[in-house]
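User: I have a model open on my screen and would like to talk through its side chains. Could you take my questions one at a time?

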Amino acid sequence: MGSKCCKSQPDDDDDDALERERKKLLLAKQRQRARMTAAGKIQAWWRGTLVRRTLLVAALRAWMIQYWWRTVTWRKLDKWRQNSLKIYVIQEQAAVKLQSWVRMWQCHQHYCQVCNAVCILQAPKSCFTFQTSDVSPVQYGGTFNQPEFHIEILSI
């Protein structure tokens, strides 16, 4: 019996050594997997950081282009508004000037009619009496006691 006990111990030692070796190999594989997983996570984080940087740069560039374009269109619109305002002012001034010329011409015509009427109605011996009852208001467009002036002033 003694010989069997002595022989069984080395087999147990060999099994234990093999088991320890397997555990070491398994542990080494687990460590390797853990390292690979950690390396993969670090690489993914770094790639994400690079992508976010690239996207940030692209977004800032797009924002700068949009800002520039809005400025250009705003300037065009402002220039168009200024030109439209200038054209409007010129047209209004021209209309006011035309109206004043027409009114001046009408007043001049009315004045000439009054002068002609006064010359006709004067007495032969330079008597400057003027009688409005003899002059028809329909014929001359109104009474001659007070000249009428209508002035319209437009401010811009």
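User: Is Trp-68 buried or exposed?
Analyst: This is a predicted model, and in it Trp-68 has a relative accessible area of 52%, so the residue counts as exposed, the cut-off for that class being over 50%.

User: And what about Trp-69, buried, exposed or partly exposed?
Analyst: Trp-69 comes out as partly exposed, with a relative accessible area of 48%, which falls in the class between under 20% for buried and over 50% for exposed.

User: How many aromatic pairs are there in the whole structure?
Analyst: A search of the whole structure gives 3 aromatic pairs. One of them joins Trp-63 and Tyr-67, whose rings are stacked, with 5.8 Å from centre to centre and 20 degrees between the planes.

User: Where do Trp-63 and Tyr-67 sit?
Analyst: Both are in helix α1, which covers residues 2–121, and they are 4 residues apart, or about one turn of the helix. Both Trp-63 and Tyr-67 are also exposed.

User: Why is the pair of Trp-68 and Trp-69 called tilted?
Analyst: The ring centres of Trp-68 and Trp-69 lie 6.0 Å apart and their planes meet at 45 degrees, so the pair is tilted, because planes under 30 degrees apart would count as stacked and those over 60 as edge-to-face.

User: Switching to charges, how many salt bridges does the structure hold?
Analyst: The structure holds 1 salt bridge, and it is formed by Glu-19 and Arg-22, with 3.7 Å between the closest N and O atoms. In general, side chains of opposite charge can pair when their charged atoms come close.

User: How are Glu-19 and Arg-22 placed along the helix?
Analyst: They are 3 residues apart in helix α1, which means that about one helical turn separates Glu-19 from Arg-22. As for accessibility, Glu-19 is partly exposed at a relative accessible area of 38%, while Arg-22 counts as exposed at 53%.

User: Which residues gather in a patch of negative charge?
Analyst: That surface patch brings together Asp-13, Asp-14, Asp-15 and Asp-16, and Asp-13 has its place in helix α1.

User: Stepping back, what does the secondary structure of the protein come to?
Analyst: It comes to 2 helices and 0 strands.

User: And how much of the protein is buried?
Analyst: Of the 156 residues in the protein, 4% are buried. The protein exposes about 14,700 Å², and carbon and sulfur atoms supply 61% of that area.

How values were computed. Residues numbered from 1 in each chain as written. Predicted model: local features only at pLDDT ≥ 70, side-chain atom pairs only at ≥ 80, totals over all residues. Heavy atoms only, no water. Phe/Tyr/Trp six-rings, centres within 6.5 Å; stacked < 30°, edge-to-face > 60°. Buried < 20%, exposed > 50% of the residue type's maximum accessible area, 1.4 Å probe, protein only. Patch = residues over 30% accessible without salt bridge, like charges linked within 9 Å, V, L, I, M, F, W, Y side chains within 5 Å. Areas by Shrake-Rupley, 256 points an atom, 1.4 Å probe, with all protein chains shown as cover. Salt bridge = Lys/Arg side-chain N within 4 Å of Asp/Glu carboxyl O. Lys, Arg positive; Asp, Glu negative; His and termini not counted. Charge placed at Lys NZ, Arg CZ, Asp CG, Glu CD.
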